[in-house]
Each structure stands twice: as structure tokens, then as C-alpha cells.
Amino acid sequence: MISLATGNYFELFQLPQLFRLDVDRLDSQYLKLQTRVHPDKAAHLSDGERRQSLQWATLANEAYLTLKRPLDRARYLLKIHGVDTREEDNTAMPTEFLLEQIEWREELQEAITIRNQHSLDRLSVRLKAEMDNLIESVATLLDGGSHHGEAADLVRQLAFIEKLGNDLDRAQAALED
Amino acid sequence: MLLQISEPGAKAPPQRRLAAGIDLGTTNSLVATVRDDQAVVLEDSQGRVLLPSVVRYHADQRVEVGHDAKLWQSEDPENTFVSVKRYMGRGLDDLPEHHGAPYRFIDKPGMVQFETHAGSVSPVQVSSEILKSLRERAVQALGGEPSGVVITVPAYFDDAQRQATKDAAKLAGLEVYRLLNEPTAAAVAYGLDQAAEGVYAVYDLGGGTFDISILKLTQGVFKVLATNGDPALGGDDFDRAVYDWLIKQTGFAPTDTRHVRSLLSAARIAKERLSEHPDTGVSVELSDGSVVNLSLSRESFDALTEGLVKKTITPVRKALRDAGLSIQDIKGVVLVGGATRMPCIRQAVADFFQQPPLVDLDPDKVVALGAALQANLLAGNRAGDDWLLLDVIPLSLGIETLGGLSEKIIQRNATIPVARAQEFTTWKDGQTAMSIHVVQGERELVSECRSLARFELRGIPPMVAGAARVRVTYQVDADGLLSVSAAEQISGVEARVEVKPSYGLSDADIARMIEDSYAHAQEDLEARRLHEQRAEAERLVEATESALALDSGLLNPDELAQLGQSLQALKQAIAGSDWQAIKRTADLLNEASTEFAGRRMDYSIKTALTGQKLDALQV
């Protein structure tokens, strides 16, 4: 039973509810929290206390990861504002973005087929730059007022690119082994 | 009835709890404890530290463990078990060819068993004999039963292997504070010893398992960034490489187990000598009794084992990649495990990481020492200057979806404890049951992952296909052990199942096995239960009293009185000798103190994160 009225993860870590987040402060607050609640602190205590500790430490890990990763943090902020990103059923994207995605997919396939590590590395660098751009735009939209609908559109694009990035990582890993 | 509360500020000196750390190794096992703030390994009555992980079963049910049992490994190989750790949580199909394993295997679902002339035994039982022997050693040295122990497991052990280890501990009558990953234990011993900071790699090659962990050490926090390994690769395999060479050289292919064992021993001795000398002689006794003398150089040995050494580097690469780091980020590499004494391993590690590895602590003892330090911490024997371990799960946990694919619910290298839920739906109209298959591993096909459990969620109200919302929740605790539950969300019908992986013994199985071992002494069994319940209840009384001494202000007078009554009732029950009454009363106190525990936690968290003491707290 977790009884602390935490409100949300930002309040839990006592951080301002913003997309642009002080990551060092998040890290240190997370560690402070785990230092109190981790099951290792309750190993010699009663069953009830051990169970509670397990639940708290689980929550702390979940909250930390959610705020740590930009994409999850953006989704979470939108959720707090009552905006569902509907990534499963809303696939409407700007044509330009979709064409670019198709192009990148083709490049990835090509690099995998000819087993070219350098092509993969170059693609990875470009993908990273594109993600950073999108994240910056999301930050401006989320922290700069109530542009939640537009932010949700960009979050869907970001999710697309992240998935491509994961496939790219896997391809790089497969090539290294 | 009046409740005694100690004066404010007059905190009673905490009672020191006895605790021990156990390294349950493939080849050797050790037990260590903390004395005067120093971790020390415990010796047996003859001054020996390493207990060979060898167990021999006699026809009259007697069991020999360690050095005595080891003497018989060639003479009585079918009843003398070495390297049993390799079989923990493993079925017969999981095993590689039983090269040099002379046991009479019995194919059992989940975990293999062995036929001995004392009856059939499981790897869990064999391991529990090793643990019992170490427990006795600890009781002698500590002057009493330990309140709890930390047992180390390879970081790359999956759920089935961890569960099997914990079951073995229960069977040995040990209270397990924590299963701790071996490389993490080594990092604790090392980090605290050297006051290290930065990112370290721990390369742990034991008798039968290989682990690599990448850890970040910062002011009292040990955070595992990634772990990888091979649960079936260790020093034993290097012995086998030499064994194969011996067979090739002599043309002698032993068929009886006695010769296999003695040839393997010769191989092991040669391997160990080559860590100290550039070459060594090997004597092989053939079946006709004649002896062939051979010579093996370190160079030839390195060539024989080159493939094995390379096999350890692939997991190292993967762990680095998962941690998002490159070789330049690694500040130091710690070597753990007896097998890292081999010069070829040291050289390969130095070459890969572009720096000489750290070998300041004895690679055989470092894991047990770290486990002892952690056990002392978990026992609550330290005041204030604690450290914190944040470990990860080594392999992804998934669920079988249509087409025999594994959908990952928890990703590998997630910091534990962790819980994740995912919703699934029915695919047929009127479907009232859903079958859930829990798997572990990185592969996409379920058939290439380890199957941990299968269960059915029944009682889903009939709905059209796709309407039901079944929420499946995976929870991994701080031991790295998984529990799974499933519930249908919309109908409000509570249909929920808790499962334990199929490899684990149920609590009832363990109770039965313990009873079997006391089959001829009913009084012993009763005495043991009374002892266990008393110890558990005393722990609860102590924890409740110390909580009250610190934070009774969080309770209103009624709550305080009620808790006081439950506490008194339990003290009275402890004074009696009815173990069932003790258990009942303890359960009541546990229940009565749940709310109190919740408020204490809230208070502790608030003060930790706001950095200020809250003067008053509304109750």
C-alpha cells in the first residue's frame, strides 16, 4: 500500500513540472528517494515493511525512467494535461515526414544488406540530429504555453524516429557480433 | 495495559544481528562475515577457507560435503556431485552433451534430477547440502544462528536458476536477506576497499559461469549499468579443453567414469600449474594401468583455449553497448573468480580494455567478502554510513503472443525492482479464458526463449472479440525474481492469478522436503517450527518497538494503544511454546502495523526529498 499523496512524478521528486528538466537534480533526488525506500533498507524488517519498500522502490524506478527519457517525459506531461498521444491509432503524419521516413528505412535496409558499418554510423548521426531538433521543438511547445495538440503531433513523430533508431541499434549490434 | 516507550532521544543501542555472506560457487563455496567492521572469510575446523562444492550420497542416507566428498569423485562418481550449480533450474534438454558428467540423470519437467543409491535427488537438494555445511560453519564462528544471509548468484542467472538457489537456501534452513549478483558483490568489496569512483567493469570467470557487469560507482552508490554473460562457460571448460587434448595425444578414450574423472583431475592440475609455470608434465594412467607422461606448454594451452577466451569477449562487447559506453569510459577492470588466474585471461582482458586489470583482492574470496559486507548492511547493523546497490535484470521478460512471438514486457538491464503492465484482449467472441505463457530471453521466437511459467486466466465474462481488457503485470523484486499476475479490467470481475515460475518448488514442496528430512523425528520438526516462528516473531517485535521509539508521534492515542496491545499479545505468545499461536499473533501485529509503516515511509520520504525536517505532521 502506497499512501503518500504524490500527485505526479514531478511532485514526487520535488521538481518543477517542465519538459526542460534539470537532469542532475533528477538524478540526485532519485538517489535520495531510493536511499530511503530501497528493499535493502527493509531486509531485516517485517513482511509488511518489506512489501511496502518493494512497492515504493518500484515506483521510484518507474518515475525516474519516465522523467529521464525525453520521449516518455513528453508523453507523461501531455497525459498530465489530459492529452492522449494515441500512438496506436493516430497515424496521420505530414507527407513530407513520411517520405523522409521511407527514405531512411530504405537506407537502413540497404546498409544492412551490404553490411556497411559506416553507412549505419552515418545514418545514426543524422537520426540523432533529427531527434535533437524534434526534442527542442517539443520543449518549446510544452514549456511555452498550451500548444499540447501540436506537441502531441511531434511526440508521434519522435516515437517513429525512436523506433527507427532502435532498429538501427539492433542492426549495428548484429553487425558487430 | 501500558505501552512502554523509551524516553525521547534515548535511542536504545541497536542489537547487532548475526549475518553472513555466502558465495555458492560451481567449484568451491565460501562463507564470510563482518567482524569489527572488517569482512573476513570463515575457516573450517582445519583452517581451510574453500569448501569444495562436492556432495556425496551414501546408501545409508548419510551425506558428505566438501573435501571428504571430493576424495570420492573418481571412486564413486555416480553418487558424488561436482559442479552441481550447472544443473540448477535446468531441464535435461537444456544441458550440453554430458561430457564427463557420470551421473544417472532423471528427466523431470523443469529441472533434471539424479539417481543415487540414497534415492533420487534434485540439484536444489544437492546445493542445500553445501549450504547446510556453510551454515554450520557460520553458526560455529558467529556463536549462533545467523538472522539472515546474502547468497551470491551469477549476474546472468535467469529466473529459474535464481529461484532454484533461493529454494536451496530455504531447504537448508537459511533466511535469505537477498540474492546478490556475484560481480556486484565483488564491486562492493572492491569499491569500499579502494574508495573507487567512476565506471568499472567486473570480469568474473568462475568454475562454470561467466559474468561481465559494468558499474558506475559514485559516493556510496553502486549502479549497475549493464550486465551480460554466459551461464555455461567457466574454468571447467578449460579443463575439458586439456582433457580433449590428452585423449587426442594418448588415443585413450576412457569409457568408465573413474577414468574420466581422473583424467579431468589431471587436466585441471595441469591448467593450474600453467598459471605459475611456462610448461608442465601430465601423467595419464591408461585402463591397463600403464602410465603415459606428456608435456604441455603454456603456449600450447593458450592455443587450445583460444576459442573459450574469445567467447568471453562477445558478452563484454554487448554489455558495453547496452551501457552506451566505449572502452575509454572504463576507469578500471576488476578480475573475479579463480579462472582469472590464467595468464591468457589476464592478457585478453588487458588487450581488450587497453589497461592492466586490477587484481588487488584475492579473486577466490572477493565475492564472499562483498556478500558479507552486504549481509551486514541488510541486517541493519550499520548506522548512517550506508551504501546503496542498484542492480539490474540480466535478461528480458516477455509474454507469448500470436504466432509464437515473445512480446517483451520488461527489458534487460532494467533497474530492479521493476514492474510493468500490459493489456491484452480476447480474439474470439465469447472467449472466457486466456492462456498466459511467461518467457525469458532476447530472442523473438518463444521457442528460443526460456519458458518460465504457463497459466490460465479463467472467468472472463463472455464478450465480443477484442472487448476484454486483460492486464498482465510483471513484478521483479530486488532478488531478480519474477511474479506475474493477470486481471480482467472492464467486467469488474476479479480474476487474478499469482504464479511462480514452474521451475520453483512451491512452499508446500519445500515444507514437505523439510518434513521428509525429519521423517523419523516428529519432535525435531515441531522444535524447528517453534524455533523459526519465534525467531520471526522476535524480529517483528524488535522492529515494531524500534519504530515506535522513533515515530510513535505519527499515531493517535487509539492507534497507539491498539498497536501496543497487539505487541503485548505477541510477546506473550513468544513466551509460550505453541508455534501456531505465535504465527497467528504475529500475523495480527503485522496487519495492525501496516498503516503505521506506511506513515513512517511517507514521513521519511518527505524529509529526504525536501531536505528539511517536518516539525509537525497531520495524522
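Five salt bridges are counted between chain B and chain A. The model is a predicted one. In one of these pairs, B:R178 forms a salt bridge with A:D40. Their closest N and O atoms are 2.8 Å apart. A salt bridge also links the side chains of A:E62 and B:R420, at 3.1 Å from N to O. A:E62 belongs to helix α3 (residues 47-68) of chain A and B:R420 to strand β22 of chain B, so this pair joins two chains. Side chains of opposite charge can pair when their charged atoms come close. Over all chains, the count of salt bridges comes to 52.

The contact draws 45 residues from chain B and 38 residues from chain A. About 3,600 Å² is buried between chain B and chain A. Carbon and sulfur atoms give 56% of that area. Polar contacts were also counted across the interface of chain B and chain A: 13 residue pairs qualify, with both residues at pLDDT 80 or more. Several elements of chain B each supply at least two residues to the side that touches chain A. The helices are α7 (298-323), α9 (366-378), α11 (522-551) and α14 (594-610). The strands are β12 (176-181), β19 (388-390) and β22 (418-424). Helix α14(B) gives the most to this side, with 14 residues. By residue class, the side of chain B that touches chain A divides into 20 nonpolar, 11 polar and 14 charged residues.

Chain B contains an open sheet of four strands, in the order β21-β20-β23-β24. The pairing is antiparallel. Strands of a sheet pair through backbone hydrogen bonds, either parallel or antiparallel. The edge strands are β21 (405-410) and β24 (450-457) of chain B, and each pairs on one side only. Neighbouring strands of this sheet are turned by 30° against each other on average, direction ignored. Within the sheet, strand β20 (residues 397-401) of chain B pairs with strand β23 (residues 434-440) of chain B over three bridges, in the antiparallel sense. B:I399 has B:V438, in β23(B), as its bridge partner.

A three-strand open sheet in chain B has the order β8-β9-β10, again with antiparallel pairing. Strands β8 (104-106) and β10 (119-121) of chain B stand at the edges. Each has a single partner strand, so one side of each is left without a neighbour in the sheet. Strand β9 (residues 113-116) of chain B pairs with β10(B) over three bridges, in the antiparallel sense. There, B:E115 has B:S120 of β10(B) as its bridge partner. Helix α2 (residues 123-142) of chain B packs on the sheet and touches β9 and β10 of chain B. The direction of helix α2 makes about 80° with that of β10(B).

Two backbone features lie in loops. A cis peptide bond joins B:I416 and B:P417, with omega at about 0°. B:P417 is placed in the loop between β21 and β22 of chain B. In chain A, A:R115 has a positive phi of about 50°, although A:R115 is not a glycine. A:R115 sits in the loop between α5 (95-113) and α6 (117-143) of chain A.

Note on methods
Residues numbered from 1 in each chain as written. Chains lettered and ligands numbered in written order. Predicted model: local features only at pLDDT ≥ 70, side-chain atom pairs only at ≥ 80, totals over all residues. Heavy atoms only, no water. Contact = heavy atoms within 4.5 Å. Buried area = accessible area lost by both parts, 1.4 Å probe. Salt bridge = Lys/Arg side-chain N within 4 Å of Asp/Glu carboxyl O. Polar contact = N/O pair within 3.5 Å; in protein donor to acceptor, adjacent residues only side chain to side chain. Nonpolar A, V, L, I, M, F, W, Y, C, P; charged D, E, K, R; others polar. Pairing = 2+ DSSP bridges. Axes fitted to C-alpha atoms, helices over the stretch in contact; angles between N-to-C directions.
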